[in-house]
Each structure stands twice: as structure tokens, then as C-alpha cells.
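Please consider the structure shown below together with its sequence. The explanation after it is written for a reader who meets this structure here.

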Amino acid sequence: MGASATKQDTIAAIATAIVPQQGSVGIVRMSGPEAWAIARRIFRAPGSQPWDSHRILYGYLHNPQTGETVDEALLLLMAAPRTYTREDVVELHCHGGMMVVQQTLQLCLQQGARLGQPGEFTLRAFLNGRIDLTQAESVADLVGAQSPQAAQAALAGVQGKLARPIRDLRSNCMDWLAEIEARIDFEDDLPPLDLPAVTAALQTIASQIDRWLATADRGELLRSGLKVAIVGRPNAGKSSLLNAWSRSDRAIVTELPGTTRDVVESRLVVGGIPIQVLDTAGIRETDDLVEKIGVERSRAAARSADLLLLVIEAPRGWTGGDRAIYEQIRAADPDHPLPPTVLVVNKIDLVAPETISSLLPQDFAQVVYMAAAEGRGIDDLEQAILQIARSGRVQAADLDVAINQRQAAALLRAQQAIGRVCETMAQQLPLDFWTIDLRDAIQALGEITGEEVTESVLDRIFSRFCIGK
């Protein structure tokens, strides 16, 4: 795509999801200098409706070459600069589904618009100064949010709650750079630098960067969530656990071992954290080819998970089969340690917990007692998962705004540069050396908001957007 996307051309794209026989309204968006002119050629507004900015017109979409009517639609007109991209923008609101929306897009392209690339509308908003880079990234996070908490954190970023403090940090660094460079150029005309004040200011900047870096893991948790794999012997109650937890019948539950032949997936939100739950086939030795494939997929899912739930049966206790499964998963990839594991003692309604608690191994992150078929113990399971997920992290639900991994990398470089300035001061090196690292810090902070950013970085950021946003 390139950061130097042509501002003179007009782009068009479908701005809503296309779902056959389900989407009631579809929107095709255009942005650029020819947007209004193209709209006039393909949209007929009966009567004397004025073509004014920020007005909705009613009428018909038609093919100007054939005169064929394509749809009855609404037209939303927005003139620059009061638009998302700060260019002239047109939105065509037509009937949903696939065919009409695609025909409407084709009309726009036939009349001179170019198909927009992923994120190009938001890229233009950034290039035209309407939003900064943190807000652009938050737009993508908001679209992809998987929980209310993730949406709120993304919305805070869209509103500039991350950009403002980062700009303040950068501004403080630039002020001190100006002070230091003034001493280099006009040393005889200015009083000497107040070294304790400079040191205190840089330490304050470093501590503020520290606080922002601490939000990176929490932000990643909200954005990506956790992958949780349910493993165990056949008929231990894994599918019952998934069904009770997701309040659905995603997995088949019978008394026959080996019923689940493949990995069954469900998505939940627990304590504001998106969780992808994988119910795996019971792990055991088998001659059944299909079941054997399922068992191998179960082992692979277990190794790729962030958290394991090892389900055992309370009436049988901790058996040699349970230990064999645990050891198989643990030994599957010696280079990667086994993820934290919760021991789920299921079917506890059939036996008193105290009769087996002393017989359980002690090397699990948590032990939860459940009667999955009756829906008992779900709250305890969720609390155990949240305790592990939040270990070493602040509770995700308390998160206001958080940085992403790109921003964290830039902040870390800024923090390291500030540290080098302090070391240079302590070694009493000339002022010229101070400015080198201070400029590095300023550049790193500028990369976060987009005041200093390369075209390749922009390409990488906006390529993960959907087309039409």
C-alpha cells in the first residue's frame, strides 16, 4: 500500500460485513475528490433533495451506461474536512446480502474509483492529520475486540488517552534537549545546567515509561485472550465440562469412550478476557485410525495452549492413566515447558472431596472440584483460570488503556536511551554525548504516535485492517 498513498485518487470499498441472506443493510464507502461526482452519476434522488454536506438523500442506484436500476438506497454526503479521512466522503446504504452490495461497488469502480486497500481509509485519516498512529491502531483493536473490556480499552485509545501522555513525554524530552543544546551553543551566556533537576526529570520520564510498559501484557491479554485446552482420559467428562461452561451442546456427550474424535472449539469471555476453549479427544492408545488422528490432534492442541485443564474422575481418583497422559504432554516438546495446568476433579457429586484430596499430586497450578454434568463448579474453575491469567499482571477488568507490542518496543528503546543519558551524565561526559541518546528517546516516542515513522511500519500496521476501514 505504502504511506505515500495517492491523495488525489478516489477509493471505494464495502464497509460492512457481507453475510448471504442475513445482512439487512450494506454500505459502500468512497473517499476522495471524485466521490461526490461519482455519486451524482450513479444515484438518482427524486424531487428537489439538496446535495448538501452531512445530509442523507433517498433515491435509486442505477447503471448510467444501461439505465438499469440496481437498488433503492440512501446516500450520505460528507464534504471535507468534516469527515473520517478529511476528504470528500460518500456512503451508499443499500440492501444487504452479497449481490446488491457487490453491484454497487462495481458501479463506483466503473465510474473511476479505485478499490481501497486494507486500512486505506484509516491510513488517509492518519496522513491527513485527523488521527495519530495510536488512534489508528486502536480503531483496528476496536473492530476486533472480543470482550466489552477490550472494546473499552480500544475506545480509550481512539479518544487519544494513550497519545496525550506519550506526546507529553516526548515534549519533556525535547525541552531538555533544547536546554542542553543551548548550553553547547551559548555556554558563556547562560547559567550552567541544574544537574539534579535534569536527573530528576529524566528519572520521572523513565518511571512514567515503566508504568506504560507494565500495561503491555494486560493489553495483549485483552486483545488475544487465552487458549485453553481440555485434556484427559476418554469419558472423564471433558465434553460435559465444555457444554456446561459454554451453556451449549457443542460436544457430544455419551457413556461411550472415544466419542469426541476431533478438537471441538468454543469461545467465551471470562472476567473480561476472551478465552478459546478446545475440547480434545480422549488421549489413549487405540487401533481406531480416526480416533488415533484425534488423539494426535489433542496432543498438538495441548502443546499450543496457554493453559491446560486436565480432567480426571473423582470416583477413580488419580490413576496411572491420568499420570501417563500428563507425562506424555509434558514430554512432547522438551524445548517448550508445559503450560500452567489446572487439575479438574470431575464427577465430584459421586464422592466426597475429602476422600481423594490427599491422594492428588501437588504440582498443579490449581485444583478445582466439579460436577460438570450438573453445571457445578464453573465459577470455581473461572476463578482459578483468572488467578493464573492475572499472575504477575493487574486485573484485566481494571484496564483503562494499554499499549500494544509495537508501542512497547518503542517505549523500551526510549527507556534505554534515557538510561544511557543518565549514565553519560554520571560519567561527566561532554554535553554533545547527552544529546545523542536524548534524540534517540525522542525518535522512539515519536514512532508511537506517528510523528516519526517509516513507510514500512505503516504498511505493517495498516495491512492488518479490514478493507473498507
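The paragraphs that follow treat salt bridges, backbone features, a surface patch, a pocket and a contact in turn.

The model is a predicted one. Residues are numbered from 1 along the chain as its sequence is written.

Side chains of opposite charge can pair when their charged atoms come close. Across the whole structure, a search finds 22 salt bridges. One of them brings together the side chains of arginine 114 and aspartate 9, with a nitrogen-to-oxygen distance of 2.7 Å. Arginine 114 belongs to strand 7 (residues 114–115), while aspartate 9 sits in the segment before strand 1 (11–14), so this pair ties together parts that are 105 residues apart in sequence. Arginine 114 counts as partly exposed because its relative accessibility is 27%, a value that falls between the limits of 20% for buried and 50% for exposed.

A second salt bridge joins arginine 124 to glutamate 87, and here the closest N and O atoms are 3.0 Å apart. Arginine 124 is placed in helix 3 (residues 120–127) and glutamate 87 in the loop between strand 5 and strand 6, so the pair ties together parts that are 37 residues apart in sequence. Arginine 124 is buried because its relative accessible area is 2%, and glutamate 87 is buried because its value is 9%.

Arginine 170 is buried, since its relative accessible area is 10%, whereas glutamate 451, at 42% relative accessibility, counts as partly exposed. Some salt bridges share partners, and in this way Asp9, Glu87, Arg114, Glu120 and Arg124 are joined into one network.

The peptide bond that joins alanine 80 and proline 81 is cis, with omega about 5°. Arginine 86 also lies in the loop between strand 5 and strand 6. Its phi is near 65°, a positive value in a residue other than glycine. With a relative accessibility of 39%, arginine 86 counts as partly exposed.

A positive phi also occurs at glutamine 428, where it is about 60° although the residue is not a glycine. Glutamine 428 lies in the loop between helix 13 (405–426) and helix 14 (431–449). This residue is exposed because its relative accessible area, 70%, is over the limit of 50%.

On the surface, Ile56, Tyr58, Tyr60 and Leu74 form a nonpolar patch, and together they have about 350 Å² of accessible area. Strand 4 (residues 55–62) gives the largest share of this patch, three residues. Tyrosine 60 has its place in strand 4 and is partly exposed, with a relative accessible area of 32%.

The next topic is empty space. Rolling a probe the size of a water molecule over the atoms shows where empty space is left. The second largest pocket has a volume of about 240 Å³. It is lined by 22 residues, of which Asp141, Ala150, Ala154, Gly219 and Arg223 are the closest to its centre. Helix 4 (133–143), helix 5 (148–158) and helix 8 (216–224) are the elements that give two or more residues to this lining. Helix 4 provides the largest share, five residues. By type, the lining residues divide into ten nonpolar, eight polar and four charged.

Finally, the text turns to leucine 445, whose place is in helix 14. Leucine 445 is buried because its relative accessible area is 1%. In sequence, leucine 445 and leucine 169 are 276 residues apart, yet their C-alpha atoms are 7.7 Å apart in space.

Conventions. This is a predicted model: local features need pLDDT of at least 70, side-chain atom pairs count only at pLDDT 80 or more; totals for chains, interfaces and linings use all residues. Side-chain values use heavy atoms; hydrogens and water are left out. Patches are made of residues with over 30% relative accessible area and no salt bridge: like charges are joined within 9 Å, nonpolar side chains (Val, Leu, Ile, Met, Phe, Trp, Tyr) within 5 Å. Accessible areas come from the Shrake-Rupley method with a 1.4 Å probe; for residues, only the protein chains shown count as cover. A salt bridge is a side-chain nitrogen of Lys or Arg within 4 Å of a carboxyl oxygen of Asp or Glu. Helices (H or I, at least four residues) and strands (E, at least two) are DSSP runs, numbered from the N terminus. Buried means under 20% relative accessible area, exposed over 50%, partly exposed in between (1.4 Å probe, protein chains only). On a 1 Å grid over the protein atoms alone, a cavity is a set of points where a 1.4 Å probe fits but cannot get out, and a pocket is an open set with protein on both sides within 12 Å along at least five of seven lines; lining residues have an atom within 4 Å of a point. Grid points are joined across faces, edges and corners, and a volume is the space filled by probe spheres set on the points. Ala, Val, Leu, Ile, Met, Phe, Trp, Tyr, Cys and Pro count as nonpolar, Asp, Glu, Lys and Arg as charged, and the others, Gly among them, as polar.
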